[in-house]
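Some labels for parts of a protein rest on a number and a cut-off. The questions here ask how each label is reached.

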Amino acid sequence: MTAATPRPSPPPGSPPTLLVLDADPLPRLGRLTGRARIEHTDEAALAERLPHADVLLVWDFASSAVRDAWPGGGPRPRWVHTASAGVDHLMCPELTASETVVTNARGVFDQPIAEYVAALVLAMAKDLPRTLELQRSHEWRHREGQRVAGTRACVVGSGPIGRAIARTLKALDVTTALVGRVPRTGIHGPDDLDRLLSRADWVIAAAPLTEQTYGMFDARRFGMMQPSARFINVGRGQLVVEEALAEALAKRWIAGAALDVFEHEPLPPDSPLWQAPGLIVSPHMSGDTVGWREELGRQFVELYERWEAGRPLLNVVDKQRGYVPGR
């Protein structure tokens, strides 16, 4: 495998070429007028346009076109930014081996996702989905909810999103344990995961997708959870063996689950997950709040201005690990 050569810097006085892999609505890049030659592409033309770009903005963060187009011939952009927290849709061996810098949207989605997780915890504890079902059928059926304060949560993924989830759950008086790639102060390592799962009332997956995390929530892990436990995935769909989760719910190995991400998106209409008992399905929306696209655009412009000034970029992804290193 030969790593592609980064595109040489443009001549003095010539603005860099910024190529945007489009998605609707387009990003607002007006602040870069005259400072970048902004060009747009779709998936079909990306491979042809890549050799002519200094910077690639992956605005269509659901696309895998970069992974497919990158191994082609010619120089490659010196910097790739994706408007998403995850980078697994980008990475291929050629990009990993290249000198190209990859950055992500770290920081934009942390608190919105944490709030969404808290909402799911409260909704499941108070049986709100069933309340709404009964309301639609005009049934008055008294039930007892669960107290959230004093319960235990295991949050798998110790990046900014996982830490925001832990902070938010602690505000509800939930005892929370964070699990990361390596143990360190305040964070458990992988060796503690099974023990923590077996004691948790809430198991929240917020890890990046890597070789180590792919399919980590399988039949064995669902089998060791408490029958009263609930599982929530706001990380990546491929963290979960979906057939194993459906079986765990059907056999009542666990009390319920909520998935915001899936192996295949959108979730096909004939997927058995739609009918899985006790499962809440949401369409990959946990981090998407009013104004989120504008925030992603502002973040990229601020990063571009750092890059333009020769200052170190923020949110630089460790391409071997597949995420931005942090504490």
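The questions and answers below take such labels one by one.

This is a predicted model, in which local features need pLDDT of at least 70 and side-chain atom pairs count only at pLDDT 80 or more, while totals for chains, interfaces and linings use all residues. Residues are numbered from 1 along each chain as its sequence is written, and side-chain values use heavy atoms, with hydrogens and water left out.

Q: Why is arginine 221 called buried?
A: Buried means under 20% relative accessible area, exposed over 50%, and partly exposed in between (1.4 Å probe, protein chains only). Arginine 221 has 14% relative accessibility, so it counts as buried. This residue lies in helix H8 (residues 219-224); helices (H or I, at least four residues) and strands (E, at least two) are DSSP runs, numbered from the N terminus.

Q: Which residues does arginine 221 touch?
A: Contact means heavy atoms within 4.5 Å. Leaving out residues up to four places away in sequence, arginine 221 touches Leu193, Asp194, Leu197 and Met216.

Q: Why does proline 8 count as exposed?
A: The relative accessibility of proline 8 is 59%, and exposed means over 50%, so the label is exposed. Proline 8 lies in the segment before strand E1 (17-21). Not counting residues up to four places away in sequence, proline 8 touches Asp54 and Arg78. Proline 8 and proline 75 are 67 residues apart along the chain, and 8.2 Å separates their C-alpha atoms.

Q: What makes H4 oblique to H6?
A: Two packed helices are described by the angle between their axes and the distance between the axes. Helix H4 (residues 110-125) and helix H6 (residues 160-171) pack at about 45 degrees, and their axes are 8 Å apart. That angle makes H4 oblique to H6, because angles under 35 degrees count as roughly parallel, over 145 as roughly antiparallel, 65 to 115 as roughly perpendicular and the rest as oblique. Axes are lines fitted to C-alpha atoms, for helices over the stretch in contact, and angles run from 0 to 180 degrees between N-to-C directions.

Q: Which residues meet where H4 packs on H6, and how do they divide by type?
A: From H4 come Asp110, Gln111, Ile113, Ala114, Val117, Ala118 and Val121, and from H6 come Pro160, Ile161, Ala164, Ile165, Arg167, Thr168 and Leu169. Ten are nonpolar, two polar and two charged. Ala, Val, Leu, Ile, Met, Phe, Trp, Tyr, Cys and Pro count as nonpolar, Asp, Glu, Lys and Arg as charged, and the others, Gly among them, as polar.

Q: Why is aspartate 127 called partly exposed?
A: Its relative accessible area is 27%, which falls between 20% and 50%, so aspartate 127 is partly exposed. Aspartate 127 sits in the loop between H4 and helix H5 (128-136). Its phi is near 60 degrees, a positive value in a residue other than glycine.

Q: What makes histidine 138 exposed?
A: Histidine 138 has a relative accessible area of 74%, and the cut-off is over 50%, so histidine 138 is exposed. The residue lies in the loop between H5 and strand E6 (152-156). Phi of histidine 138 is near 60 degrees, again a positive value in a residue other than glycine.
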